[in-house]
Amino acid sequence: MRLDEWLSSAARARPGHAALVAEGRTLTYAELNKHATGLARRLAVSPGDRVPAALPPGLAFCELLHALPRRGAALIPLDPRGPAAPALPLGPPSDVELLETVDPEAVHTVIQTSGTTGEPKAVELSYANHAASAAASAGALGVDPADRWLCPVPLHHVAGLNVLIRCVIHRTTAVVHERFDVERVKSTLEAGEVTLASLVPTMLARLRDAGLKRAPGLRAIALGGGPSPAGLLEWAAETGIPVTPVYGLTETCSQVVAGSPGRPMLGVELQVAGNGEILVRGPMVARRSLSADGWLHTGDRGRLDEEGRLDVEGRLKELIVTGGENVAPLEIEQVLLAHPAVADAGVAGLPDAEWGEAVTAFVVLRSPATSAELLDWCGAGLAPFKVPKAVHEVSELPRNASGKLLRHRLESPPA
């Protein structure tokens, strides 16, 4: 059984409805389909080809995303700030027959993981994976025909890319910002221009600090990509900003758990292995990412309560072993972020002759605070072996384009 190609199907069903708002323009589904069809006829590609592209968020990216399926090819979205990608394989316009249906198991996109613990890896996501992810999202966040989904997160990562795909599957409107600009996003939310938004915690924290106080018409902010700083969700609740924390991975086509506490989304099965690793399976999981036992081994550590709700505790590889004790960096970061002077925090285990690994903290301050003060603060809320051996002030922490902390890049600053 084949699937209808999503954009051409949406153009038939809602030709005059806004499909995309980007770069100061609004394209209806009929217009976006015309653009994508024209590009598809100029692409010198064959079915099964993988096409790398490093385009900034905007019209050209969206046109290519929807043109390649009409030729049976898959997109490899790359960071536009990275090394230059090969030029698009364009040819003279042709009358080549374009696909109106697709094989659900065919590869739709090949996405690089975020690389938070080292080198990124390529993940092949099929049409069926994306369709299952869109259904799971609809079950968690709902779908309204008038939805407008704000996307200020990178499109070469799965969270941003999936906004475009979910919107075309549900025939709603994607509102794409070229980058995250706190004042622009604040204005968009306060003007009631969108009903849904995808943000990472650092973005929401910056909106809070910029004075966001209302978001009329907003049904939910899907907040993912890392743990939330202490007090952020409480602020959102008190302010009336609807936030739904989500957990997912590139290999799961984005979100698989939603809410606080986290509950599995539609079609998702969760299990926690004996070593604490979170295991996931379901129709949104990339087939080649499954282990021999049929589960995706996420590399994340967590706990399931008696009602099946998930608490994510961080990456297994990031566990610090200090003096024979296991320490989760996330726990220490949350304590540091609760200090009023700390704007951002990262914790790593650095090699140490005495302890094996020394718990070491790196902080970005919003107001003056001494290392001794922050160590005392940690001592009041943590077991002694979890208290950092040192706290270093830095101007910023290494994060990727989605805001995830690149913990493996934390190093002691020069003395």
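Predicted model: local features only at pLDDT ≥ 70, side-chain atom pairs only at ≥ 80, totals over all residues.

**Cysteines, sheet and ring contacts**

Let me begin with C378, which counts as buried at 0% relative accessibility, where buried means under 20% relative accessible area, exposed means over 50% and partly exposed lies in between, computed with a 1.4 Å probe on protein chains only. Residues are numbered from 1 along each chain as its sequence is written, and side-chain values use heavy atoms, with hydrogens and water left out.

C151 is likewise buried, at 0% relative accessibility. How many disulfides does the structure hold? It holds zero, a disulfide being a pair of cysteine sulfur atoms within 2.5 Å; for C151, the closest cysteine sulfur is that of C167, at 8.6 Å, which is too far for a bond.

Turning to the sheet, nine strands form an open arrangement with mixed pairing, in the order β3-β2-β10-β9-β11-β12-β13-β14-β15. Strands here are DSSP runs of E with at least two residues, helices are runs of H or I with at least four, both numbered from the N terminus, and two strands pair if DSSP finds at least two bridges between them. Because β3 (25–28) and β15 (263–264) stand at the edges with a single partner strand each, one side of each is left without a neighbour in the sheet. Within the sheet, β12 (residues 220–223) and β13 (residues 243–249) pair in the parallel sense over three bridges, and L223 stands opposite P245 in β13.

Helix α9 (residues 329–337) has seven of its nine residues buried, so it is largely enclosed by the rest of the structure. Its buried residues pack against several elements, among them β22 (342–352), β23 (356–365) and α10 (371–381), with contact meaning heavy atoms within 4.5 Å.

Finally, a search of the whole structure finds one aromatic pair. W6 and Y127 form this tilted pair, at 5.4 Å centre to centre and 55 degrees between the planes; rings of Phe, Tyr and Trp (its six-membered ring) pair if their centres lie within 6.5 Å, with planes under 30 degrees apart counted as stacked, over 60 as edge-to-face and the rest as tilted. W6 lies in helix α1 (residues 6–13) and Y127 in helix α4 (residues 127–141), so the pair ties together parts that are 121 residues apart in sequence.
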